[in-house]
Each structure stands twice: as structure tokens, then as C-alpha cells.
Amino acid sequence: MQTQLFINGRFVPAEDGATLPVLNPHDNSVIANVSMGGQADIDKAVAAAKAAFPRWSRMAAMDRGRLLLKLADAIEANADELACLESIDTGHPLRDTRNLDVPRTAVTFRYFGGMADKLEGSVIPVEAGFLNYVLREPVGVVGQVVPWNFPLMFTSWKIAPALAAGNCVVMKPAELTPLTTLRIAALMAEVGFPEGVVNIVPGLGHIAGQYLAEHEDVTKIAFTGSTATGRRIVQASAGNLKKVQLELGGKGANIVFGDANLQAAVNGAAFAIFHNQGQACIAGSRLVLHKSIAEEFTERFTQLAASIKIGDPLDPTTELGPLTSLQHRDRVLSYVDVARSEGGRVLLGGKVPADPALAKGCYVEPTVVQAKPTDRVNQEEVFGPFVAMTTFETDEEALAIANGTEYGLGGGLWTKDLNRAHKMAREMKSGMVWINCYKRVNPGSPFGGVGKSGYGREMGFEVMREYTQAKSVWVNVDANLPPYYLR
């Protein structure tokens with residue numbers, strides 16, 4: 001287990017020797033004491049990335065891609081270790097880290113390994129006598145800040161396209177969950193990435209993250225996290241007007257129409273909110289139910305939610321693990337009181353499990369409440385295994401409810417009517433819409449939001465544009481063209 005900063009191809013302690021205990025959310029025992037970087041460490045990491053950039057950006061794109069492909073192979077070869085480490089560090093059940101997180105991480109590096117030599121320029125048809133072509137060039141040193149809910153997967157989402165496009169990276173993982181990101185750094189060194197191309201500096205957000213966003217030698221900052229922190233990132237970036245990419249909060253509406261396949265909708269809605277304990281920006285945290293099926297859906301859904309097995313994330317049969325920290329557990333539970341204070345009804349959960357074996361951990365039972373669309377639990381991101389239900393009668397009312405928040409990241413709908421499905425998908429103010437499914441992601445498909453859910457896109461060809469800039473080149477190809485000024 002690596003516990004130090006990764007700078008210029010080496011694991012090193014923080015300049016001031018600072019460390020922070022990383023806790024296992026199952027019982028809050030200390031996993032390791034991890035170095036915490038400060039401003040001096042960010043300076044070192046940025047300098048290493050800046051020095052590595054000329055060589056890396058000029059390397060043949062095929063060779064950059066080959067290293068990313070080798071890393072994908074190394075991740076698959078160490079899949080069990082990475083899955084266990086992610087489960088211990090985050091509380092995400094082992095069955096999910098094995099079957100989703102690690103495979104998705106490998107496939108993302110593999111996708112962008114193949115993308116590295118597919119980034120093409122273009123030729124513009126301008127006036128006769130001139131050739132105009134456009135190059136896509138890497139932006140330079142990229143600062144990246146990833147959250148604590150999917151640290152392994154988000155490491156690949158951020159690093160893979162940045163490197164494929166020819167950039168160098170300084171990443172700050174969340175101080176709560178840095179262990180798998182540091183393990184990826186070790187694998188990168190093993191497969192032969194040049195020194196300085198990727199630097200990993202765990203640290204506190206208001207110190208290391210803030211300074212990384214402010215740094216004059218960082219030409220782009222990419223951030224995933226809360227909307228409040230995203231605003232601070234934008235403010236910090238203004239010093240050198242660096243490029244900014246933000247993937248922020250969400251309050252996903254999951255609409256179930258009267259003609260939906262009810263059991264499929266129940267199962268899909270449960271995955272939408274309870275996967276990773278609801279700690280996902282795209283979680284389907286608002287269930288919007290047509291009145292004709294609301295009663296039956298609620299009965300089936302609460303029965304399913306009550307049957308979810310809560311327990312140690314390392315138990316392969318566990319379906320719902322702990323939240324990632326005690327502080328966050330208490331925040332999620334506080335919304336139970338918020339719901340009741342506004343007249344909402346708690347149909348299920350809303351408390352910690354009674355099992356003494358889980359008493360030291362950060363556990364919350366699956367929680368289902370009924371609330372009005374304007375209530376805080378339907379407007380604010382709870383970020384836990386907490387879903388708020390409301391009802392509607394017409395398609396127009398469902399759309400108004402879906403679009404009735406400041407967020408616009410992801411949303412879903414369940415119906416057999418394809419005309420309705422496509423109309424709703426078009427009208428929903430959301431960067432992503434799922435029809436008769438939820439929370440589907442793929443490295444080839446753009447991921448991101450609108451409104452207070454941020455701007456820019458992860459994944460797909462869209463993200464390659466995020467990590468490059470256009471250069472327009474004009475060539476005079478006609479020697480007979482007269483000069484503009486004659487003497």
C-alpha cells in the first residue's frame with residue numbers, strides 16, 4: 001500500500017511531513033496514515049509536470065496510447081487487490097468494486113489508449129490561394145481534483161483522456177479516499193510512464209485543491225464534486241484565466257409513467273438510488289410517480305429496499321455498505337428531520353441499522369420518504385441512500401417537476417410509449433437522460449451536466465476537445481497572389 005505523494009515518478013513524503021489517518025468506514029479503524037500535500041508539494045508536482053510536458057506532448061500518439069493500454073492490462077492483472085482496497089477505503093461493497101468499478105477503470109484507460117492516435121485536425125475551405133488547417137493541441141499542465149465517492153473510477157475518467165491528448169497531470173484525490181489513486185500511480189510507474197507525466201498529491205481541499213486551482217503554471221483545472229466547491233474553483237482559476245471543466249452536483253428525477261413495466265422500474269429505481277449507498281451525483285434521488293401506479297410501485301419499492309442486505313463491504317453478499325465518513329452519515333440523517341419538519345412522511349429507514357456488528361461504522365438504512373416537489377429533500381442533494389417520492393397526473397406536470405431544480409446532471413423515465421420517451425428526453429433540462437434504464441455509463445458516451453451541475457464533458461470524443469485547444473494555421477499557396485501593400 002502506497003501512502004506517500006507521487007511526484008516526478010517517485011513516492012515522497014510531504015515537505016512538511018504532514019499526514020492524515022485514512023479510516024475504514026465499516027468500523028472507523030485506521031487503514032493507514034497518508035501524506036498530505038501542501039502548497040510546496042503542489043509547486044513541486046506542477047514543476048515536474050511542466051518539465052515533462054514537452055517530451056510527452058511530442059511523443060507519437062500511438063506510443064502514448066500504448067502506455068495507456070499497458071496500464072489497462074496492469075489494472076486487470078491487479079483487479080482483486082484494487083477492488084479490496086477500494087471497498088476498504090470507501091465502503092463500496094466488494095461485489096460492486098469487482099464487477100463495476102475496477103472493470104470500468106480498465107476499460108476507460110483502454111478506450112482512451114485507442115483514442116490517442118484518433119484525434120484529427122481539419123481543413124477549412126477558405127478563399128482561393130490559401131490553405132487553412134486546424135490542429136488540436138494539448139493545453140499543457142492539467143490540475144485535476146476528484147471526489148471520495150468513486151475515487152478509482154474517477155481517476156481513470158480524468159487521467160486517461162488528459163494523457164491521450166498529450167497533457168501532463170497533477171491530481172489531488174480526496175483526503176478521505178486516496179489509496180486506489182496512489183496504487184494506480186504505482187502501476188503507471190511499473191508500466192513505464194515517464195517521470196513527471198502524472199503526479200498525485202493527496203491533500204486538503206482548501207489548501208492543496210485551492211492552490212492547484214490558483215496555480216499560474218496550471219493551464220486547465222478539471223473538478224468533480226459539489227456545486228459550492230465548484231464555484232470556489234472557478235474563482236480560484238481567474239488568476240491566469242485557466243480553462244475550467246466542472247462536473248458538479250445533481251438531483252436526478254426518475255419518472256415512472258402509468259404504462260411502465262413496473263417491476264423493471266422498481267428494480268431500476270433501486271439501483272439508481274441505492275448503488276454505492278446513493279453517493280453518486282447522478283443518483284435517481286427523486287422518484288416521480290404517476291398517480292395510477294404510485295401505490296403499487298411504492299409497496300413493491302419499499303419491500304425491495306427493506307430487503308437490501310446491509311453489512312461489511314468485504315462480504316461478497318453485502319448489497320449496501322457504509323457511507324464514506326461519520327460526518328457525511330450524520331448529514332444524510334439530518335435530512336430525515338428536514339423531511340418531517342416540512343410535512344413529509346418517512347416510509348422506510350431514516351436511521352442507523354440496529355445490528356451491533358455495524359455500530360462503529362457509517363451505516364444508514366435505505367430511506368424512503370414522501371414529500372412535495374418543492375420540499376428541501378426534493379431540491380437539495382442529500383447524497384445518500386435516501387429517495388424522495390412525489391406524484392403527478394399529466395406529462396406536463398412530470399416534466400415541470402423534473403425540471404424544477406437548479407441541477408441538470410442526469411434523469412430517467414420509464415414508459416412503453418416511445419413518442420413520449422423521446423419528447424421527454426428532449427425537454428428535460430439535463431446533460432444525460434436514461435429511458436427504461438438508469439445510471440448507464442460508457443467511456444464512449446459524453447458525461448456531464450447543465451445549470452448548477454457544471455459544464456464541460458467527461459468521456460467520449462467530447463472530452464478530447466476539453467483537453468485540447470484549436471490552432472488555426474494559414475498558408476499562402478499561390479505565389480502569384482499580390483501583396484496587400486504595393487511599393
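**Helix packing and salt bridges in the predicted model**

In this predicted model, the axes of helix H12 (residues 395–402) and helix H13 (residues 418–427) come within 11 Å of each other and cross at roughly 30°. Axes are lines fitted to C-alpha atoms, for helices over the stretch in contact, with angles running from 0 to 180 degrees between N-to-C directions. Helices (H or I, at least four residues) and strands (E, at least two) are DSSP runs, numbered from the N terminus. The crossing of H12 and H13 is right-handed, a term applied if the near helix is turned clockwise from the far one by less than a right angle. Asp395, Ala398 and Leu399 of H12 and Arg420, Met424 and Glu427 of H13 make the contact, defined as heavy atoms within 4.5 Å.

Residues are numbered from 1 along each chain as its sequence is written, and side-chain values use heavy atoms, with hydrogens and water left out. Local features need pLDDT of at least 70 and side-chain atom pairs count only at pLDDT 80 or more, whereas totals for chains, interfaces and linings use all residues.

The structure holds 25 salt bridges, each being a side-chain nitrogen of Lys or Arg within 4 Å of a carboxyl oxygen of Asp or Glu. One of them joins Arg420 to Asp395, with the closest N and O atoms 3.0 Å apart. Arg420 belongs to helix H13 and Asp395 to helix H12, so this pair ties together parts that are 25 residues apart in sequence. Asp395 is partly exposed, at a relative accessible area of 27%; buried denotes under 20%, exposed over 50%, and partly exposed the range in between (1.4 Å probe, protein chains only).

A salt bridge is also formed by Glu365 and Lys351, whose closest N and O atoms are 3.0 Å apart. Both residues lie in the loop between strand E14 (345–348) and strand E15 (367–370), so the pair ties together parts 14 residues apart in sequence. Glu365 is buried, with a relative accessible area of 16%, while Lys351 is partly exposed at 44%.

In the salt bridge between Lys452 and Glu406, the closest N and O atoms are 3.2 Å apart. This pair links distant parts of the chain, 46 residues apart: Lys452 lies in the loop between strand E18 (432–435) and strand E19 (454–455), and Glu406 in the loop between H12 and strand E17 (410–414). Lys452 is partly exposed, at 32% relative accessible area, whereas Glu406 is exposed, at 52%. Elsewhere, Asp73, Glu76 and Arg110 are linked in a network of salt bridges.
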